[in-house]
Amino acid sequence: MTSELDIFVGNTTLIDEDVYRLWLDGYSVSDAVALRVRSGILEQTGATAAVLQSDTMDHYRTFHMLERLLHAPPKLLHQLIFQIPPSRQALLIERYYAFDEAFVREVLGKKLSKGTKKDLDDISTKTGITLKSCRRQFDNFKRVFKVVEEMRGSLVDNIQQHFLLSDRLARDYAAIVFFANNRFETGKKKLQYLSFGDFAYCAELMIQNWTLGAVDSQVDDMDVDLDKEFLQDLKELKMLVADKDLLDLHKSLVCTALRGKLGVFSEMEANFKNLSRGLVNVAAKLTHNKDVRDLFVDLVEKFVEPCRSDHWPLSDVRLFLNQYSASVHSLDGFRHQALWDRYMGTLRGCLLRLYHD
């Protein structure tokens, strides 16, 4: 009895995107096969269960061999073992370094150390993300952090150069590195309504305006560390609330400009001094590491929650912050306008992002 066998020989490494996703999500071969069967692939292709099992195992072996190259993406581009088209290489890299929103929210701002890694079991249970996937994502965060934390130059550019990520994903990783380095608190209950995107937006503003790189593009870790001299100088803003005449004049200027334009004018007028003290005191405390870590907690407590309790619409928050910031330029006794603009320009953007009316 003779049997016919069709053989195809080629040197291009075949990548099944669906199987790659199952592998990235941390499923075992048997679980991946079961999920593929459920998707109806046997009926669609006419394959047998044995062939599907073999196909899945073959893909998994390929992914395991590729993984060491994915840890240093430029190596994937320059190796000759796997013949993979450039577009496929980009897909492999981008998806390997992609992460789940639920996972990143659990570790954002935490030290990327063994201590945090021990919590991955609990995070996996809480989020429903497999432990294997949690470990991959955590190890990716840690790997990128270690490579770029002390590099000179733009954080986003360095990440793109060394990990070949898209601009959007590189910016997300820049936010993760920035938060891990400065240890910003993001896990408190009152911050749970905020998404990773909210924090990433604020990180980008702070990197652009509050880091060493904002004033000197030639320093090491310029986009990672906050500018300590700038943080020290922020204490000078205290006079805006410590000097009663300045505080009264500032309030008068804001109220005059916003009368008839603000739906919550009476609430703003009654609470102006408390809001101003809150915003200025946040600045004055940023010389201490603990207060830097609690920045978002303080912003929510001192500004977002009071405005929310008075039912300020976002449009009124925007009008107030714009006028509050601009009116300082009309205070003759105040001599720190540039410092104020550097602080409030970023803070205004962050507060508008944190405020969900």
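You're looking at a predicted model, where local features need pLDDT of at least 70, side-chain atom pairs count only at pLDDT 80 or more, and totals for chains, interfaces and linings use all residues. Residues are numbered from 1 along each chain as its sequence is written, and side-chain values use heavy atoms, with hydrogens and water left out.

**Exercise 1.** Describe the interface of domain 2 and domain 3.

*Solution.* 
- Next, find who touches: 14 residues from domain 2 and 14 residues from domain 3 take part in the contact (heavy atoms within 4.5 Å).
- Now the area: about 1200 Å² is buried between domain 2 and domain 3, and carbon and sulfur atoms give 72% of that. Buried area here is the accessible area (1.4 Å probe) that two parts lose on being put together, summed over both.
- Finish with charges: there are two salt bridges between domain 2 and domain 3 (a side-chain nitrogen of Lys or Arg within 4 Å of a carboxyl oxygen of Asp or Glu).

**Exercise 2.** How are the rings of phenylalanine 178 and phenylalanine 179 arranged?

*Solution.* 
- Recall the rule: rings of Phe, Tyr and Trp (its six-membered ring) pair if their centres lie within 6.5 Å, with planes under 30 degrees apart called stacked, over 60 edge-to-face and the rest tilted.
- By this rule you'd count 28 aromatic pairs.
- In this one, the centres are 6.4 Å apart and the planes at 70°, so phenylalanine 178 and phenylalanine 179 are edge-to-face.

**Exercise 3.** Is phenylalanine 178 buried or exposed?

*Solution.* 
- Check the cut-offs: buried means under 20% relative accessible area, exposed over 50%, partly exposed in between (1.4 Å probe, protein chains only).
- Phenylalanine 178 has 0%, so phenylalanine 178 is buried.

Terms used: A polar contact is a pair of N or O atoms within 3.5 Å; within protein, one must be able to donate a hydrogen and the other to accept it, and residues adjacent in sequence count only if both atoms are side-chain atoms.
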